[in-house]
Amino acid sequence: MTPIRRTPPRFSRDAVVRLWLHRQGLVQSRGSTPLDRRTFVDHLERTGALQLDSVNVVDRAHYLTLWSRFGSYDRTRVDRWVYGERLAYEYWGHEASILPISHLPLGRRRMRRFPPPSWSSRKWWDRYATSTASKRRVLRRLRAGGPLESADFAPRPEELGEETDSLGWRRREDKRSLKLLWHDGRLAVSDRRHFRCIYDLAERVYPEGPVASPTEYQDSWLLIGLSGCGIAPERHLVNYFTAPELNAAERRRAIARNLRNKRIAEVEVEGLTGPCYALPAHLDMIGDLSEPTGTALICPFDSLLWQRKRAAELLDFRYTLEIYVPRAKRKYGYYVLPILHDGRLVGRLDPKLHRDRRLLEIRALHFEPDFAPTGNFRARLDETIADLADFLGVADMEMSSR
């Protein structure tokens, strides 16, 4: 007898967006929930990670991502939770990230199989990889001298440009080895000073604990992605988390395995092609979620935007980071913050913090073609920008005429 295949439950796009914003912590007005140890860890567990990035046009990406949800807070508390209390750790999640310490077993699995096959097969890897001798030099220095900054391994000014100088070359190679030893788990980021990494031996930083199995590690791509997204097709999960980096066949096997084990469920979404997936617990709550409210500015490296195809298909918002676009060809600006208003991405703000003058400059403001700003919206946007200025500690703001 042929088994009868049940029709997957079907959800509206609005319901899927509502669940997504709930999982991202963006369903309520900014500051409705205070940032403390519990809510910090909860954010990491739900979304998977806070992305780190060196761009500092407004503020560091992880600080700005938290501000969008929790409003103004003391950054030193976040640093203490990560580097002092070890509630989280730095490793590869969606690129370089702050991850919940509960995910360390997954990180250890990646460390054991570093470099990933996709890295070692690429041409740039041969140029970036370092020698065993370099790695040994770095480990000896840290073992003897304790935590060191990456700057301690940089070439000295008199060595720069001297490609034939063996000492200068060794220093450049050793600086790369720091990052590679971090990737393979022999070193850890123990702290940051002015955003510069301070490295130490991993056994001095990470607590003892298990290593995830290869299957658990591969499944984490799917389960972490669904934790952060709610309901999603496979294409919306690709690159949401870049550790692990699975090929198409591995992704299909992970999905099939978790469907069989009933860890995920298949659903349909109005307006989205192909099967979608969700964690069963999320389907139980979807009917009880409130409508999104509030106005927030979203960092370009926010987990809401890790999968740009998802933003385009669910929110009709096409976003490109134009940092690397020549100025004359930029459409919206250098470091544009999308504007989230009552569950919709309705516009883009291009800000620039002038730290020397304690000035926040708003270079440009663009609205989506189908959005008509009301007086109430403009008041809420002004309040949001003022709150950002307060968080940044600026004394003045100005709107650029450009």
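Here is a short walk through a predicted model, from one of its sheets to its core and then its cysteines.

Let's start with an open sheet of five strands, which run in the order β11-β12-β13-β14-β15 with mixed pairing. At the edges sit β11 (295-297) and β15 (396-399), each pairing on one side only. If you compare neighbouring strands in this sheet, they are turned by 30 degrees against each other on average, direction ignored.

Now zoom in on one pair of strands. β12 covers residues 337-341 and β13 covers residues 344-354, and the two pair in the antiparallel sense over five bridges. One spot to look up is H341, whose bridge partner in β13 is R344.

Next, the core. As a rule, nonpolar side chains in soluble globular proteins tend to be buried together. Here the largest nonpolar core has 121 residues, and F40, L187, Y206, I231, L297 and Y335 are those with the most contacts inside it. Take L297 and skip its neighbours within four places in sequence: its contacts include W67 and S68, then L337, P338 and I339, as well as L349. L381, T384, I385 and L388 also touch L297.

Finally, what about disulfides? Searching the whole structure turns up zero of them. C229 is in no disulfide, and its nearest cysteine sulfur, in C276, is 11 Å away.

Methods. Residues numbered from 1 in each chain as written. Predicted model: local features only at pLDDT ≥ 70, side-chain atom pairs only at ≥ 80, totals over all residues. Heavy atoms only, no water. Pairing = 2+ DSSP bridges. Helix = DSSP H or I, 4+ residues; strand = E, 2+ residues; numbered from the N terminus. Axes fitted to C-alpha atoms, helices over the stretch in contact; angles between N-to-C directions. Core = buried A, V, L, I, M, F, W, Y, C linked by side-chain atoms within 4.5 Å. Buried < 20%, exposed > 50% of the residue type's maximum accessible area, 1.4 Å probe, protein only. Contact = heavy atoms within 4.5 Å. Disulfide = S-S within 2.5 Å.
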